[in-house]
Amino acid sequence: MKEIRATAKELMHGYCRVCPVCNGKACAGEVPGMGGLGTGSAFMANVEALSRVRLAMRLIHDTTDPDTSVEFLGHTLSVPVLAAPIGGVSFNMGGGRSEQEYIDAIIHGCAARGTLGCTGDGVPPFILDAACTALTAAGGRGIPFIKPWEDQELFEKLERVLACGVPMVGMDIDAAGLVTLRKMGRPVSPRSAKELQRIRERIPVPFILKGIMTPDQARLAVDAGVDAIVVSNHGGRVLDGTPGTAEVLPAVARAVGHLVPVLVDGGVRSGGDVLKMLALGARAVLIGRPFSVAAIGGLQNGVETYLDALTTELKQAMVMTGTASCRSVSSDILA
């Protein structure tokens, strides 16, 4: 990873510093770019919230080779980690790699390691074009996320990604506040529960809604028919001053975790962080910026190397806490 990170730092110069600890402090306010909006406090809160969660070390047990696999909407993931949907390599990451190179690395790298990469969406047509090319080449093994556009554009884009043979689709409703989209003259907007239900009825595969930060919003999403939710503040890039996702995850999981899978993103930086999120109630996690560094720095090999390192860290944390399987992580492992 050292060489991959060094290459990424060179290619992302001026857009991402590839800090030793990716915590949002050095890049606060850098949107477009890889930073958090405004003061960057929401980005920082994600990392800080997870750092306050502690693991209880337990070593009187017989777990030596823990099972990292989980089930998600009918699919077995080798590890409870998905690459978060990120697009706009040219204006967020410096353009050292093309959009196609980047998303190919994410989708094929994740597939090679037995999990799923997600694709992003945006104003320039090449973002969705690259996503569709990668998803089709991978036999549909990935999850496309479409932003909450007005109906005509929304359904046209959904039809395009569904034609790629994908097993599920998502909407990052938290993108409703993206500064970059407003600057390009294409604002997106929140959706009412009734509108979400109407959208859900037109989608023939499982539908994931990303951008849930409160239990009442989670219940509205479930009532509208979504099949899974992602607790997310969009990496701190849409609203300054939100809590970290690890702070709100337990309440959201208690509210709807028995009804739909609850995923989470925000500030996950290690295998130990993955385990913490599972103990707080998540089925799996999405990781954004570290995957971007891996893809920019090493393309598919970078993504696979990063996933290998993360899986090793996760297994070590599971052994050290007496956790035999990611399918049944207990909150008792939290100190």
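Guide: Ala, Val, Leu, Ile, Met, Phe, Trp, Tyr, Cys and Pro count as nonpolar, Asp, Glu, Lys and Arg as charged, and the others, Gly among them, as polar. On that division, the lining of the largest pocket holds 17 nonpolar, four polar and eight charged residues. This is a predicted model, in which local features need pLDDT of at least 70 and side-chain atom pairs count only at pLDDT 80 or more, while totals for chains, interfaces and linings use all residues. Residues are numbered from 1 along each chain as its sequence is written, and side-chain values use heavy atoms, with hydrogens and water left out.

Visitor: What makes a set of grid points a pocket, and what makes one a cavity?

Guide: On a 1 Å grid over the protein atoms alone, a pocket is an open set with protein on both sides within 12 Å along at least five of seven lines, whereas a cavity is a set where a 1.4 Å probe fits but cannot get out. The largest pocket has about 530 Å³ of space. Among the 29 residues that line this pocket, Arg5, Pro20, Cys22, Arg269 and Pro290 are the closest to its centre, each of the 29 being counted because it has an atom within 4 Å of a point.

Visitor: Which element gives the most to the lining of the largest pocket?

Guide: Helix H12 gives the most, with seven residues; helices here are DSSP runs (H or I, at least four residues), and strands are runs of E of at least two.

Visitor: How many cavities of 30 Å³ or more does the structure hold?

Guide: The structure holds one, and the largest cavity has a volume of about 510 Å³. Of its 35 lining residues, Pro85, Ile86, Gly87, His234 and Arg237 lie closest to the centre, and the lining as a whole divides into 15 nonpolar, 12 polar and eight charged residues.

Visitor: How do you know that helix H9 and helix H10 cross, and at what angle do their axes do so?

Guide: Their axes, which are lines fitted to C-alpha atoms over the stretch in contact, with angles running from 0 to 180 degrees between N-to-C directions, come within 8 Å and cross at roughly 35 degrees. Pro215, Ala218, Arg219 and Val222 of H9 meet Ala251, Val252, Ala255 and Val256 of H10, contact meaning heavy atoms within 4.5 Å. These contact residues comprise seven nonpolar, no polar and one charged.

Technical notes: Grid points are joined across faces, edges and corners, and a volume is the space filled by probe spheres set on the points.
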